[in-house]
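Me: Could you please go through this structure with me? I would like to begin with its contacts.

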Amino acid sequence: MPVAQTPLDRDAAVALLEHYFRCVDGKDMDGLVAILTEDCRFRIETDQLDHVGRDTGVRGMFERLFNRYAKIWHGNFSWVFDAEAQRIACQLDVINTEPGGREHRKHNASFYHLKDGRIAFAGIYMSGTNALV
């Protein structure tokens with residue numbers, strides 16, 4: 001996905017985040033890295049836990065997630081976008097499936113700050129056990 005050098009409109013911001021979730025669900029680390037800023041930060045608000053840096057903290061967070069679950073699914077999105085601030089929020093459902101088949105269903109809310117067409121910050125509120133430790 002090409003990186004924009006100008007602010008994104010709503011459709012482009014939603015497309016970026018839908019691409020992000022497809023990368024997570026497909027365990028596509030290369031695709032994820034391509035749409036994150038180098039200094040990005042993921043904050044798991046419900047646990048007051050920060051993962052900082054695309055190539056260090058955030059990469060490690062996703063590696064652990066991908067190894068922990070056989071299948072990951074995000075869907076049923078509801079979006080709110082602020083074009084001037086380049087921020088997008090969503091409510092969504094999540095299903096994480098363990099290798100043995102046990103499912104963990106969640107209803108989450110996430111808030112993203114965009115910079116130059118990439119994700120610079122994610123603030124995540126999740127129900128149930130934190131899958132992003």
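**Contacts and overall form**

Reply: In the protein chain, 50% of the contacts between residues at least 6 apart in sequence join residues at least 24 apart. Contact means heavy atoms within 4.5 Å. This is a predicted model, in which local features need pLDDT of at least 70, side-chain atom pairs count only at pLDDT 80 or more, and totals for chains, interfaces and linings use all residues. Residues are numbered from 1 along each chain as its sequence is written, and side-chain values use heavy atoms, with hydrogens and water left out.

Me: How many helices and strands are there in the protein chain?

Reply: The protein chain has three helices and six strands, taken as DSSP runs (helices: H or I, at least four residues; strands: E, at least two) and numbered from the N terminus. Their pattern along the sequence is α-α-β-β-α-β-β-β-β.

Me: And what does the C-alpha trace span along its principal axes?

Reply: The trace spans about 45 × 30 × 25 Å.

Me: New topic: is Thr97 buried or exposed?

Reply: Thr97 is buried, because its relative accessible area is 13%. Buried means under 20%, exposed over 50% and partly exposed in between, with a 1.4 Å probe and protein chains only. Buried residues make up 47% of the 133 residues in the protein chain.

Me: Where is Thr97 found, and which residues does Thr97 touch?

Reply: Thr97 belongs to strand β4, residues 87-97. Leaving aside residues up to four places away in sequence, Thr97 touches Tyr69, Ala70, Lys71, Arg102 and Glu103.
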